Amino acid sequence: MSTQTGEASIPIHETPLAGVTTVVDRKAPVLFGVLTLGLLLIVALVPESGETTFRLAAPSDFAQVPTVTVPSTTTAWLLVVVCALCTAWSMLLYRRGRNAPLWLVAIFSLAWVVGFLTWAATGGTIPVVGLLAGSLALAVPLVFGALGGVLGERSGVVNIAIDGQLLAGAFAAAIVASAAGSPWAGLAAAMVAGTLVALILGLFAITYFVDQVIVGVVLNVLVIGLTSFMFTQVLAPNAASLNSPPRFDVVPIPVLGDIPLVGPVFFRQTVIVYLLYVAVAVVTWTLYRTRWGLRVRAVGEHPKAADTVGIKVNRTRYRTILIAGAVAGMGGAFYTLVSVPQFNREMTGGAGYIALAAVIFGKWDPIRATLAALLFGFASNLQGVLSVIGSPVPSQFMLMLPYVVTIFAVAGLVGKSRPPAADGIPYRKG
């Protein structure tokens with residue numbers, strides 16, 4: 001199958017552009033083994049006697065799922081065995097020249113997380129719906145930022161400025177929504193703000209060939225400085241008129257919102273979360289199934305070859321990063337139109353850098369980057385839930401957990417990650 005680009009055609013199933021690799025990586029079984037050993041040491045050295053309760057439904061659910069109570073020690077040991085079996089199976093697959101399949105990773109992850117929670121919440125109750133819903137809420141800006149990062153880097157532009165785009169989006173959404181009295185106006189303003197930051201990034205990185213990492217860092221610092229100054233001089237003195245944005249209401253989807261466990265988490269959300277679902281699907285489909293996506297991947301992998309068949313490399317990169325900026329700006333709007341009812345200085349807390357780690361963790365793929373962002377959101381929310389139920393896990397450890405996960409991602413301990421070949425390399429025609 002091929003797609004016409006003007007002067008020539010490019011096969012749309014081209015393996016290098018799709019990011020498919022046949023390299024067998026031993027890091028998955030190694031990581032499985034390390035995590036299994038860690039869980040084993042926790043359960044063996046710090047035994048907890050008692051029971052752990054998992055509440056699987058919210059009081060407002062249409063159908064109530066029975067609460068599950070399990071013996072902590074026995075269940076934890078059983079799940080340690082499950083993790084060990086998954087590790088052994090992944091090592092066997094590696095010896096046979098095969099990578100661990102996604103289902104095996106899912107089983108191991110579920111067993112490890114449930115085993116850890118069973119031990120950590122001994123004598124307490126885990127509100128599963130609240131844990132998952134809170135994780136999704138914390139992950140929404142990260143997913144939007146990760147999608148923007150994937151788009152930019154697939155086209156060959158390193159988007160370090162994700163944090164600046166999120167913060168600019170939050171700032172613009174607060175002001176415009178407050179002045180117009182409409183959260184929709186704030187959402188549109190957030191997309192414009194993210195696009196403007198991306199435009200500046202493109203101007204220096206694409207047109208003037210400035211180092212993309214340096215430009216991204218400078219833009220982040222610039223946006224922090226500008227928004228902090230405007231907050232002090234403009235928003236704080238006029239909080240009632242310029243920093244009191246109306247928020248998006250929760251809009252439950254009929255029938256889907258009543259599904260036990262799944263409904264309250266995914267289908268009793270605000271419009272921005274539903275737009276997130278659409279954005280993930282659209283970015284994935286367009287990137288891998290359309291002529292535009294093929295061109296984006298082409299200029300990110302081999303811009304010279306793309307140029308020879310009539311693709312305008314820098315124009316494609318500009319368009320892509322502008323779209324990426326608009327997507328990241330939507331993530332910024334979530335802070336002030338859903339999460340917090342006003343703008344505060346540096347309210348993103350460096351979320352853009354974690355989103356960038358999710359891009360690397362997800363191997364520059366929209367779906368995998370989304371899952372990585374959800375993992376970071378889960379790690380962030382877990383420390384709050386465990387502290388509320390009085391878990392014996394030190395709060396300092398739980399606070400650093402999201403950043404430990406980020407370090408693992410950036411260090412490449414989750415498998416081989418290969419960025420697009422031309423990522424970060426300016427294209428000079430001729």
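I started with Phe108, which counts as buried at 2% relative accessibility. My cut-offs: buried is under 20% relative accessible area, exposed is over 50%, and partly exposed is in between, with a 1.4 Å probe and protein chains only.

Before going on, a note on what I am looking at: this is a predicted model, where local features need pLDDT of at least 70, side-chain atom pairs count only at pLDDT 80 or more, and totals for chains, interfaces and linings use all residues. Residues are numbered from 1 along each chain as its sequence is written, and side-chain values use heavy atoms, with hydrogens and water left out.

**Rings**

I looked up aromatic pairs next. Rings of Phe, Tyr and Trp (its six-membered ring) pair if their centres lie within 6.5 Å; planes under 30 degrees apart are stacked, over 60 edge-to-face, the rest tilted. By that rule I get nine aromatic pairs. One of them is Phe32 with Phe108, stacked at 4.2 Å centre to centre with 10° between the planes. Phe32 lies in helix α2 (residues 27-45) and Phe108 in helix α4 (residues 102-120), so this pair ties together parts 76 residues apart in sequence. Phe32 is buried too, at 6% relative accessible area. For helices I take DSSP runs of H or I with at least four residues, for strands runs of E with at least two, numbered from the N terminus.

I also noted a cluster of Trp112, Phe116 and Trp119, linked by ring pairs.

Then a charge over a ring, meaning NZ of Lys or CZ of Arg within 6 Å of the ring centre and within 35 degrees of the ring normal. Arg428 puts its charged end over the ring of Phe209, 4.2 Å from the centre.

Most residues other than glycine have a negative phi. I picked out Trp364, with a positive phi of about 60°. Trp364 is in the loop between α15 (351-361) and α16 (366-388), and at 7% relative accessibility it counts as buried.

Val255 also has a positive phi, near 70°. Its place is the loop between β6 (251-252) and α10 (262-266). Buried or exposed, I wondered about Val255? At 64% relative accessibility, Val255 is exposed.

**Surface patch**

Which residues form a nonpolar patch on the surface? I found Ile200, Leu203, Phe204, Tyr208 and Val210, together about 440 Å² of accessible area. Areas are Shrake-Rupley with a 1.4 Å probe, and for residues only the protein chains shown count as cover. Patch members have over 30% relative accessible area and no salt bridge; nonpolar side chains (Val, Leu, Ile, Met, Phe, Trp, Tyr) are joined within 5 Å, like charges within 9 Å. A salt bridge here is a side-chain nitrogen of Lys or Arg within 4 Å of a carboxyl oxygen of Asp or Glu. Ile200 sits in helix α7 (residues 183-207) and is partly exposed at 35%.

**Across the sequence**

I checked Arg418, in the segment after α17 (395-410) and partly exposed at 44%. Its C-alpha is 6.8 Å from that of Lys363, 55 residues away in sequence. Ile407, in helix α17, is exposed at 57%; its C-alpha lies 8.2 Å from that of Ala357, 50 residues apart along the chain.

**Whole chain**

I count 17 helices and seven strands. Buried residues make up 49% of the 430. With contact meaning heavy atoms within 4.5 Å, 76% of contacts between residues at least 6 apart in sequence join residues at least 24 apart.
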